[in-house]
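This briefing covers one structure, shown below. Please look it over before reading the points that follow.

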Amino acid sequence: MEIREATAADIEGIRTVAHDSLAASYGHALEDDIIAQAVERWYDEDTLADDLDDPETEFLVAVDEDIIVGFAQSYVVDRREIVGEIDWLHVEPGSRGQRIGDELLAALESRLNDHGVARVEGRVLEANEAGAGFYEREDFEGIGERTVEIGGEPFVEKLYSKFPETGGRQVLTEAATLPDGRQVYVALDESVRGSEGPFYSVYLDRDRSERYGYLCGNCDGFGISMDTMGRVVCQDCENRRKPTRWDASYL
């Protein structure tokens, strides 16, 4: 088996692995049409082509006899620290149990270290017990949970974090002051990607039990507008939320 950088010629194979892996991991929790919609939304040719050309994206495939059997993708995001966000780690069902996921993750972490990341993040729906177990075996720490909506239904998503040996543990919650003088707490380990910088989740208490909204990572502004379709826009610098995905590991 070979692990190498993904190319445009791999797009169809990536889409096939994504669909089969999603179905195997979530067929018990999600309808077939939701899984199909997820693949179409996140793995259309234009989106994949953009990711493959992005120097801040690491995209690897595992190939066995010229057939793609797994892939991993991570974004390098400049927050208060440089973070490697694992967006996907898929292994096709018939090839699971052969440590392909372990090898993909090791290769991905090596690439991320070359970018100087201080922390690697992953997330997985609670319904995917195998995915959660994978992160825990790979020495990721559970750092919290949040609720995401899929097909109109709420699902619990687990958040995981891993600190490279050279990076050390970082502060994950930062106090900030709103324009009206109230103190809030910025979760540096909870963010969504924006066009100009990340949007950080903001809470009214350090324990993160009461949500306030977002902080714009581009201009540090709190003037964020959100709508029912999940669009997030900073009113100060026009930083806009990019499409997000509701999971990052299907193993």
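How many aromatic pairs does a search of the whole structure find? The search finds 6, where rings of Phe, Tyr and Trp (its six-membered ring) pair if their centres lie within 6.5 Å. This is a predicted model, in which local features need pLDDT of at least 70 and side-chain atom pairs count only at pLDDT 80 or more, while totals for chains, interfaces and linings use all residues. Residues are numbered from 1 along each chain as its sequence is written, and side-chain values use heavy atoms, with hydrogens and water left out.

**Aromatic rings**
- The ring centres of Tyr135 and Tyr160 are 5.3 Å apart and the planes are at 25°, so this pair is stacked (planes under 30 degrees apart; over 60 is edge-to-face and the rest tilted).
- Tyr135 belongs to helix H5 (residues 129-137) and Tyr160 to strand E7, so the pair ties together parts 25 residues apart in sequence; helices (H or I, at least four residues) and strands (E, at least two) are DSSP runs, numbered from the N terminus.
- Both Tyr135 and Tyr160 are buried, meaning under 20% relative accessible area with a 1.4 Å probe, protein chains only.
- Phe134, Tyr135, Phe140 and Tyr160 are linked into a cluster by ring pairs.

**Charges over rings**
- Arg211 lies over the face of Tyr203, 5.6 Å from the ring centre (CZ of Arg or NZ of Lys within 6 Å of the centre and within 35 degrees of the ring normal).
- The charged end of Arg211 also sits over the ring of Tyr214, at 4.7 Å from its centre.

**Sheet**
- Strands E6 and E7 (residues 153-162) pair in the antiparallel sense over 9 bridges; pairing requires at least two bridges found by DSSP.
- Glu157 in E7 is the bridge partner of Arg146.

Technical notes. Buried means under 20% relative accessible area, exposed over 50%, partly exposed in between (1.4 Å probe, protein chains only).
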